[in-house]
Amino acid sequence: MSSQSNHVHAPSTSPITKRAGFVRRLGAWVYDALIITALMLLASSLALAFIYALNAMQLIELPMGMDVSEYARTNWLYRFYLIFCFFGFYIWFWRRGGQTAGMKTWRLQLRSLDGDKLTHLQCVLRLLFSLFGLSNLWVIFPWSKKRALHDIMSGTEVVVLSKEENKHVNWKGYM
């Protein structure tokens with residue numbers, strides 16, 4: 001009988017691995033904010049082009065005097081699409097390797113406390129409780145043990161990797 005573990009990353013007991021503080025989290029947040037802004041602009045542009053094409057082919061009809069951007073802004077499907085793109089960005093990277101580009105730059109990795117691969121639910125809970133990054137302020141309080149509100153609510157932690165560990169984050173098997 002094999003004693004294979006289902007764990008992707010076991011929590012490190014190494015004294016070198018430590019939880020991330022506020023400044024590192026802020027650095028990664030700013031870096032990722034720039035990327036997500038560009039992604040949302042691209043997603044919006046694609047959606048607007050799609051709506052424009054549908055209107056040009058007369059598959060949809062815009063109300064009199066309404067332009068494509070106003071039509072999109074008031075459309076619930078467009079809003080859902082943008083939320084999907086936003087959540088999808090984070091869920092994709094967190095589930096694949098525990099790192100977004102900003103986290104990789106600041107040598108941070110998101111891990112489940114139990115060592116298992118992050119679940120979709122954990123990722124969604126992190127996003128909902130992050131309050132657009134404001135819940136990272138929680139880590140400045142000594143009793144938080146450097147876990148933000150969204151870390152606590154999702155059963156995760158953000159750790160600082162050594163330069164060597166950061167080079168070898170393995171994305172295989174994270175899907």
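Arg 107 sits in the loop that links helix α4 (101–105) to strand β2. In this predicted model, Arg 107 has a positive phi of about 60°, although it is not a glycine. Strand β2 belongs to an open sheet of 3 strands, and the mean pLDDT of the protein chain is 87.

**Residues with a positive phi**

- Most residues other than glycine have a negative phi.
- Arg 107, with its phi of about 60°, is not a glycine.
- With a relative accessibility of 48%, Leu 131 counts as partly exposed.

**The sheet**

- The strands of the open sheet follow the order β1-β3-β2, and their pairing is antiparallel.
- β1 (18–19) and β2 (108–112) are the edge strands; each has a single partner strand, so one side of each is left without a neighbour in the sheet.
- Strand β3 covers residues 156–160 and is joined to β2 by 5 bridges, the two strands running antiparallel.
- Within this pairing, Gln 109 has Val 159 of β3 as its bridge partner.

**Cysteines**

- The count of disulfides in the model is 0.
- A disulfide would be a covalent bond between the sulfur atoms of two cysteines.
- Cys 85 has a relative accessible area of 16%, which is under the 20% cut-off, so Cys 85 is buried.
- Cys 123 is buried as well, at 0% relative accessibility.

**Confidence of the prediction**

- Of the residues in the protein chain, 86% reach a pLDDT of 70 or more.
- Among the elements of the chain, α5 has the highest mean pLDDT, at 97.
- The lowest mean pLDDT among these elements is 88, and belongs to helix α7 (residues 163–167).
- Over residues 1–15, pLDDT stays under 50.
- For residues 1–15 the model has 18 contacts beyond four places in sequence.

Key. Residues are numbered from 1 along each chain as its sequence is written. This is a predicted model: local features need pLDDT of at least 70, side-chain atom pairs count only at pLDDT 80 or more; totals for chains, interfaces and linings use all residues. Side-chain values use heavy atoms; hydrogens and water are left out. Two strands pair if DSSP finds at least two bridges between them. Helices (H or I, at least four residues) and strands (E, at least two) are DSSP runs, numbered from the N terminus. Buried means under 20% relative accessible area, exposed over 50%, partly exposed in between (1.4 Å probe, protein chains only). pLDDT is the predictor's confidence in each residue, from 0 to 100. Contact means heavy atoms within 4.5 Å. A disulfide is a pair of cysteine sulfur atoms within 2.5 Å.
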